[in-house]
Amino acid sequence: MKKIIFVSHCILNTASKVVLYNQTDMDAEENLRKKFMHKAIDQEVQIIQLPCPEFTLYGPKRWGHVSNQFDNTFFRDHCRKILAPCIQQLKEYLANEDWFEVLGIVGVDGSPSCGVDYTCCADWYGSFECREGLDKTFNECTLEKKSGIFMQVLKEMLKENGLSDKVKVTSLFAPEPEKCLEILDK
Ligand code: SF4
């Protein structure tokens with residue numbers, strides 16, 4: 001029987017991520033990503049890559065955002081459109097359980113889109129020009145215990161298709177490495 005896992009796009013392709021000026025900030029996440037990938041390959045788990053909702057809307061030169069900025073009907077609609085074929089694939093694998101075992105879905109905590117248990121939040125909007133207290137605005141960004149918008153939509157679609165109880169959704173998060181590593185042992 002083939003084991004299958006669905007993952008956020010940048011777990012396979014980090015080129016889709018917001019360009020960083022200080023890569024060392026992400027070392028812990030990158031180390032965990034590599035550990036997860038090595039383990040999945042060693043255990044012969046097949047990996048299905050979800051689309052990146054941000055790259056497919058804003059491309060590689062986008063700013064870093066917070067989830068509040070994506071919490072609108074247009075972004076949610078984009079997520080729904082690009083997730084539709086993934087839900088179809090998921091249903092088809094689940095419908096053939098003699099051949100396939102779907103281990104679950106792994107997002108990326110902290111992301112405004114793909115966070116599952118944590119997402120970044122702040123009251124960000126508007127032009128930077130002539131704006132005072134910009135550092136304070138940036139520093140007010142916090143990690144909150146809720147899902148990013150893409151994962152919220154994904155969970156809604158799982159529920160609509162009666163799959164919520166059948167598919168575990170967890171995340172890659174450096175402070176809690178067991179979440180993404182243990183799902184591979186299912
Ligand atoms: S939106 Fe999701 S897939 Fe795209 S870079 Fe961010 S965490 Fe990765």
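The model is predicted. Three helices, α1 (9–12), α2 (27–42) and α6 (134–139), each supply at least two residues of the lining of the largest pocket. The space taken by the ligand is this largest pocket. An open sheet of 4 strands is also present, and the count of cavities of 30 Å³ or more comes to 1.

**The ligand and its shell**

- The residues around the ligand include His 9, Cys 10, Ser 16 and Lys 17.
- Cys 52, Pro 53, Glu 54 and Arg 62 are also among the residues around the ligand.

**The largest pocket**

- The largest pocket, where the ligand sits, holds about 1400 Å³ of space.
- Its lining is made up of 48 residues, and Val 18, Leu 20, Gly 64, His 65 and Pro 112 are the closest to the pocket centre.
- Helix α6 gives the largest share of the pocket lining, with 3 residues.
- The pocket lining divides into 28 nonpolar, 12 polar and 8 charged residues.

**The largest cavity**

- About 30 Å³ of space lies in the largest cavity.
- Among the residues that line the cavity are Phe 6, Leu 50, Ile 105 and Leu 154.
- Leu 83, Cys 86, Ile 87 and Leu 90 line the cavity as well.
- Helix α5 (residues 73–94) supplies the largest share of the cavity lining, 4 residues.
- The cavity lining has 8 nonpolar residues, no polar residues and no charged residues.

**The sheet**

- The strands of the open sheet follow the order β2-β1-β3-β6, and their pairing is parallel.
- β2 (45–49) and β6 (169–172) stand at the edges with a single partner strand each, so one side of each has no neighbour in the sheet.
- From one strand to the next, the twist averages 35°.

**Strand pairs within the sheet**

- Strand β1 (residues 2–7) and strand β3 (residues 100–108) run parallel and are joined by 6 bridges.
- In this pair, Lys 2 stands opposite Phe 100 in β3.
- β1 also pairs with β2, in the parallel sense, over 5 bridges.
- Here Ile 5 has Ile 47 in β2 as its bridge partner.

Terms used
Residues numbered from 1 in each chain as written. Predicted model: local features only at pLDDT ≥ 70, side-chain atom pairs only at ≥ 80, totals over all residues. Heavy atoms only, no water. Near = heavy atom within 4 Å. 1 Å grid on protein atoms, 1.4 Å probe; cavity = no way out; pocket = protein on both sides within 12 Å on 5 of 7 lines; lining within 4 Å. Sits in = over half its atoms within 2 Å of the grid points. Points joined across faces, edges and corners; volume = space filled by probe spheres on them. Nonpolar A, V, L, I, M, F, W, Y, C, P; charged D, E, K, R; others polar. Pairing = 2+ DSSP bridges. Axes fitted to C-alpha atoms, helices over the stretch in contact; angles between N-to-C directions.
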